[in-house]
Amino acid sequence: MADLRAMTALGADAAQTVAIGPLVVTERFDVALASVAARRGRDLATAASAAGVPLPGPGRHQSAAPYSAFWVAPEMWFVEAPFASHEDIVALLKAAFGDAASITEQTDAWVILDLAAPDLAPVLERLCNVDFRAVPDGYATRTVIDHLGCYLVKHGPGAARVLGPRSSAASLLHAVEVAAAAAF
């Protein structure tokens with residue numbers, strides 16, 4: 001019989017934390033993730049409101065309990081929730097949205113890295129084309145980091161979340177480490 005065990009996107013048994021100067025990078029595998037796409041002609045807003053799922057506008061992230069979400073395309077969002085209570089996030093969201101939305105599991109498709117430092121701009125300006133100092137808190141966008149299509153969510157001047165392809169998790173972390181070493 002095979003010896004199967006859960007591993008993080010970076011290939012470990014537990015989430016990794018890396019410190020480079022004042023920057024702390026934390027791998028998050030305790031987040032459930034699903035995409036929610038509105039179906040044509042359906043009332044998604046009413047279902048979302050009843051379920052407590054925020055649906056922010058373009059380029060925005062919004063937190064609520066237990067769900068948070070960020071806009072990824074017209075009529076489409078990524079919805080996050082604690083993995084411990086929402087391991088089957090798709091079933092929970094399908095029950096809430098019914099036929100108003102198409103919902104797809106995304107948890108194991110992405111690596112999630114939380115970045116924290118007094119000022120993240122020196123690192124992020126080396127990684128992507130987002131003017132981190134100029135964008136407001138709650139800003140969310142798709143960008144390219146080291147040739148990888150990623151999502152960047154700004155939680156504050158010293159807090160951001162990067163979602164990148166799980167299959168390239170080590171490469172993404174390496175790019176962040178190199179940029180941080182150059183910035184600090």
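The largest pocket in this predicted model has a volume of about 290 Å³. Its lining is made up of 17 residues, and those closest to the pocket centre are Phe29, Phe83, Thr107, Asp108 and Arg166. Two elements, strand 2 (23-28) and strand 8 (110-116), each give two or more residues to this lining. Strand 8 gives the most, with three residues. Sorted by class, the lining of the largest pocket holds nine nonpolar, six charged and two polar residues.

Aromatic contacts were examined next. The search of the whole structure returned five aromatic pairs. One aromatic cluster is formed by Phe70, Phe78, Trp110 and Tyr151. Tyrosine 151, a member of that cluster, also has a charged neighbour: arginine 142 lies over the face of the tyrosine 151 ring, at 4.9 Å from the ring centre.

No disulfide was found anywhere in the structure; the search gave zero. Cysteine 128 is in no disulfide, and the nearest cysteine sulfur, which belongs to cysteine 150, is 8.7 Å away. Cysteine 150 likewise is in no disulfide, its nearest cysteine sulfur being that of cysteine 128 at 8.7 Å. Cysteine 128 counts as buried because its relative accessibility is 11%, a value under the 20% cut-off. Cysteine 150 is also buried, with a relative accessibility of 0%.

Several features of the backbone fall in loops. Most residues other than glycine have a negative phi, and most peptide bonds are trans. Against this background, the peptide bond from alanine 65 to proline 66 is cis, with omega near 0 degrees. Proline 66 is placed in the loop between strand 4 (61-63) and strand 5 (68-73).

Positive phi values occur at aspartate 146 and at histidine 147, neither of which is glycine. For aspartate 146, phi is near 50 degrees; for histidine 147, phi is near 70 degrees. Aspartate 146 is located in the loop that runs between strand 9 (140-145) and strand 10 (148-156), and histidine 147 is likewise found in the loop between strand 9 and strand 10. The two residues fall into separate accessibility classes. Aspartate 146 counts as partly exposed because its relative accessibility is 43%, which lies between the limits of 20% and 50%. Histidine 147 is exposed, since its relative accessible area is 76%, over the 50% limit.

The loop between helix 1 (44-51) and strand 4 (61-63) contains glycine 59. Despite this loop position, glycine 59 counts as buried, because its relative accessibility is 16% and the cut-off for a buried residue is under 20%. Glycine 59 was also compared with alanine 19 in position: the two are 40 residues apart in sequence, and their C-alpha atoms are 29 Å apart in space.

How values were computed: Residues are numbered from 1 along each chain as its sequence is written. This is a predicted model: local features need pLDDT of at least 70, side-chain atom pairs count only at pLDDT 80 or more; totals for chains, interfaces and linings use all residues. Side-chain values use heavy atoms; hydrogens and water are left out. A disulfide is a pair of cysteine sulfur atoms within 2.5 Å. Buried means under 20% relative accessible area, exposed over 50%, partly exposed in between (1.4 Å probe, protein chains only). Rings of Phe, Tyr and Trp (its six-membered ring) pair if their centres lie within 6.5 Å; planes under 30 degrees apart count as stacked, over 60 as edge-to-face and the rest as tilted. A charge sits over a ring if NZ of Lys or CZ of Arg is within 6 Å of the ring centre and within 35 degrees of the ring normal. On a 1 Å grid over the protein atoms alone, a cavity is a set of points where a 1.4 Å probe fits but cannot get out, and a pocket is an open set with protein on both sides within 12 Å along at least five of seven lines; lining residues have an atom within 4 Å of a point. Grid points are joined across faces, edges and corners, and a volume is the space filled by probe spheres set on the points. Helices (H or I, at least four residues) and strands (E, at least two) are DSSP runs, numbered from the N terminus. Ala, Val, Leu, Ile, Met, Phe, Trp, Tyr, Cys and Pro count as nonpolar, Asp, Glu, Lys and Arg as charged, and the others, Gly among them, as polar.
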